[in-house]
Amino acid sequence: MCGIVAYTGNRDAYPVILKGLKRLEYRGYDSAGVALVNHGLKTFKKRGKVGALEESLLGKDLQAVAGIGHTRWATHGEPSDRNAHPHRSSNGKLAMVHNGIIENYSLLKQDLLKKGYAFESDTDTEVLLKFIEDIHVSHEVSLEEAVRIALKRVVGAYVIVLLNEDDPETLIAARKGSPLVIGIGKGEHFLASDASPIIEYTKEVVYINDYEVAIVRPDELILKNLGNERVTPHITQLDMELAAIEKGGFDHFMLKEIFDQPQSIFDCLRGRLDANMGSIRMGGVDKHLDQLVNAKRILIIACGTSWHAGLVAEYVFEELCRIPVEVEYASEFRYRNPVINEGDVIIAISQSGETADTLVAIERAKENKAFIFGVVNVVGSSISRQSHAGAYTHAGPEIGVASTKAFTAQLVVLNMIALKIAYTKRTIDQHRYLHLINELNEIPDKVALILQDTDHIKILADKYKDARDFLYLGRGYNFPIALEGALKLKEISYIHAEGYPAAEMKHGPIALVEESLPVVFVATKDMYHDKILSNAQEIKARKGKVIAVISEGDSQFQEVADDVMMVPLSDELVAPLLSVIPLQLLAYFIGVSKGLDVDKPRNLAKSVTVE
Ligand code: G6P
């Protein structure tokens with residue numbers, strides 16, 4: 001949520017920052033801005049996407065030795081030029097970008113107003129900057145010291161980066177709760193909310209920890225804690241290639257990421273699942289196998305699409321491992337008083353590894369001495385570091401705001417963990433274990449088959465794109481996929497869509513059924529097949545339009561449905577990995593046919609680092 005890029009070094013700062021902001025735009029895109037320092041400090045801000053800022057700056061002299069940039073997802077104050085970052089101090093010498101929320105900004109603002117400070121924006125960021133300025137100027141302490149003093153009084157989550165006209169090559173940054181990566185070059189440093197703006201310049205990075213302040217100069221990186229003690233920067237190597245964050249010939253990142261799935265699922269299985277040997281090896285699981293196998297209960301916490309992966313996992317874990325599972329929205333979990341007992345295992349699922357609600361939910365669970373297992377995509381992210389153990393999903397960078405390949409990778413990892421536990425506990429026999437290993441192993445090829453021909457889904461998208469509402473129905477393992485299909489459509493096309501358990505539709509949603517309502521059935525072959533077929537007939541009897549995701553060769557459903565999208569036959573336990581693919585494509589094609597920006601849907605952000 002909000003993207004930050006900053007640079008100090010021997011290159012011209014603006015092009016580096018602009019390119020970086022474009023890479024981070026998935027984090028927020030309601031306004032953008034840069035502050036550049038050369039002979040004096042200049043700030044440029046614009047409502048809209050980074051492209052609008054770029055256009056407004058064409059032909060301007062932007063030469064700079066250092067600079068900071070921001071792409072915003074509004075929290076305090078509407079999207080506007082005025083509320084865009086960077087903000088400036090009263091004396092005009094400092095500029096600051098911020099990602100996060102300052103919860104006690106109102107109190108701080110009242111004090112500052114009494115001292116005569118005026119405010120140009122409605123943001124909490126400007127309040128924090130002027131609070132820092134006040135300490136810096138009136139207490140006559142260095143800017144670095146002022147930042148430390150200020151942050152001790154701040155409640156909330158933040159990453160800040162400050163630029164100072166009086167010390168043009170020095171950037172001061174700090175974090176609590178939001179991510180910040182520093183790339184180390186030769187005579188230059190790059191700061192960013194994630195590694196994507198940095199990757200083309202250097203692979204050596206330092207992830208800043210909470211309550212650390214970084215003083216960054218072209219040739220020097222000093223890390224200190226809020227107590228002014230030096231902290232040794234821990235340098236890690238980025239394991240990511242530039243090509244992975246580019247569109248590679250596809251029109252949109254979302255489409256590229258849907259088509260990445262045969263490979264991303266393969267990458268997720270690689271080195272872990274060995275179909276020939278009939279084995280699964282996962283470092284984080286193997287090391288803590290006792291804890292997982294003896295879990296009295298598994299509590300899954302996540303948000304958004306990751307929560308849907310958790311719901312599928314609930315069905316899978318209970319079926320295979322006979323361990324009770326509860327799945328909870330992290331945002332609810334963190335504020336109630338959940339009962340956590342000894343022997344409970346918490347599985348936190350997150351693509352970004354930075355979702356604020358999930359992160360805080362983990363903290364709460366840790367206070368209750370729970371064992372935290374993270375299922376995370378972004379290597380080195382906060383959730384991966386906060387977990388006691390975990391498994392990366394290895395889906396590669398996901399840039400499209402609507403999650404696709406991260407979801408299928410989450411399902412694969414969760415399936416492998418469940419199989420491993422079940423086999424160790426002997427809650428499944430060897431035959432079923434080996435069968436499911438083979439089924440998982442075949443998923444990449446089956447997904448590739450679905451993606452071989454997508455034209456019919458494009459035609460369906462055109463046919464149904466003007467519907468006002470959609471209903472998605474599924475049962476069993478496919479119920480969460482109905483929820484996910486509806487979420488994808490809402491996110492990308494702004495069409496109202498609801499996901500429901502197919503049988504439950506009789507208790508409400510059936511009242512919505514009429515000729516103009518498309519009802520998408522997620523109905524691959526499983527033990528509920530006859531039941532869901534009856535549900536489809538109930539919709540037909542009321543003149544609703546039935547679109548169905550079915551297994552190849554399912555002539556029964558084909559007879560009832562108006563339109564079908566077929567997937568290869570598979571065991572019902574792994575079927576969600578296939579049935580979700582046509583639904584991702586349907587949402588994508590509808591979004592595109594409506595002329596919408598599917599990679600950057602309105603009001604959304606990829607990584608929600610505010611609560
Ligand atoms: C945002 C994204 C979703 C994502 C959710 C949870 O809402 O737009 O795609 O599912 O956050 O994010 P996480 O990174 O924790 O999986």
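In this predicted model, an open sheet of 7 strands runs in the order β5-β6-β7-β8-β12-β13-β14, with antiparallel pairing. Its edge strands are β5 (87-88) and β14 (230-231), and each of these pairs on one side only. Strands of a sheet pair through backbone hydrogen bonds, either parallel or antiparallel.

One pairing can be followed in detail. Strand β7 covers residues 156-164 and strand β8 covers residues 171-176. The two pair in the antiparallel sense over 5 bridges. Leu162 stands opposite Ile172 in β8.

A helix covers part of this sheet. Helix α4 (residues 124-138) lies across β5, β6 and β7. Its direction is about 125° to β6 (94-102).

Next, the domains. The chain is divided into domain 1 (3-243), domain 2 (247-447) and domain 3 (453-611). The C-alpha centres of domain 1 and domain 2 lie 33 Å apart. Between these two domains, 9 residues of domain 1 are in contact with 9 residues of domain 2.

Helix α7 (residues 261-269) packs with helix α14 (residues 405-425) and with helix α15 (residues 430-452). Two packed helices are described by the angle between their axes and the distance between the axes.

| Helix pair | Angle | Axis distance |
|---|---|---|
| α7 and α14 | about 30° | 9 Å |
| α7 and α15 | about 170° | 8 Å |

Take α14 to begin with. Its axis is at about 30° to that of α7, which means α7 is roughly parallel to α14. The crossing of the two helices is right-handed. On the α7 side, the contact is made by Gln261, Ser264, Ile265, Cys268 and Leu269. On the α14 side, Lys405, Thr408, Ala409, Val412, Val413 and Met416 take part. By class, this contact has 7 nonpolar, 3 polar and 1 charged residues.

Now α15. The angle with α7 is about 170°, so α7 is roughly antiparallel to α15. Here α7 contributes Gln261, Pro262, Ile265, Phe266 and Leu269. From α15 come Leu440, Asn441, Ile443, Pro444, Val447, Ala448 and Leu451. The residues of this contact divide into 10 nonpolar, 2 polar and no charged.

Note on methods
Residues are numbered from 1 along each chain as its sequence is written. This is a predicted model: local features need pLDDT of at least 70, side-chain atom pairs count only at pLDDT 80 or more; totals for chains, interfaces and linings use all residues. Side-chain values use heavy atoms; hydrogens and water are left out. Two strands pair if DSSP finds at least two bridges between them. Helices (H or I, at least four residues) and strands (E, at least two) are DSSP runs, numbered from the N terminus. Contact means heavy atoms within 4.5 Å. Axes are lines fitted to C-alpha atoms, for helices over the stretch in contact, and angles run from 0 to 180 degrees between N-to-C directions. Angles under 35 degrees count as roughly parallel, over 145 as roughly antiparallel, 65 to 115 as roughly perpendicular and the rest as oblique. A crossing is left-handed if the near helix is turned anticlockwise from the far one by less than a right angle, and right-handed if clockwise. Ala, Val, Leu, Ile, Met, Phe, Trp, Tyr, Cys and Pro count as nonpolar, Asp, Glu, Lys and Arg as charged, and the others, Gly among them, as polar. Domain bounds come from an automatic or database domain assignment.
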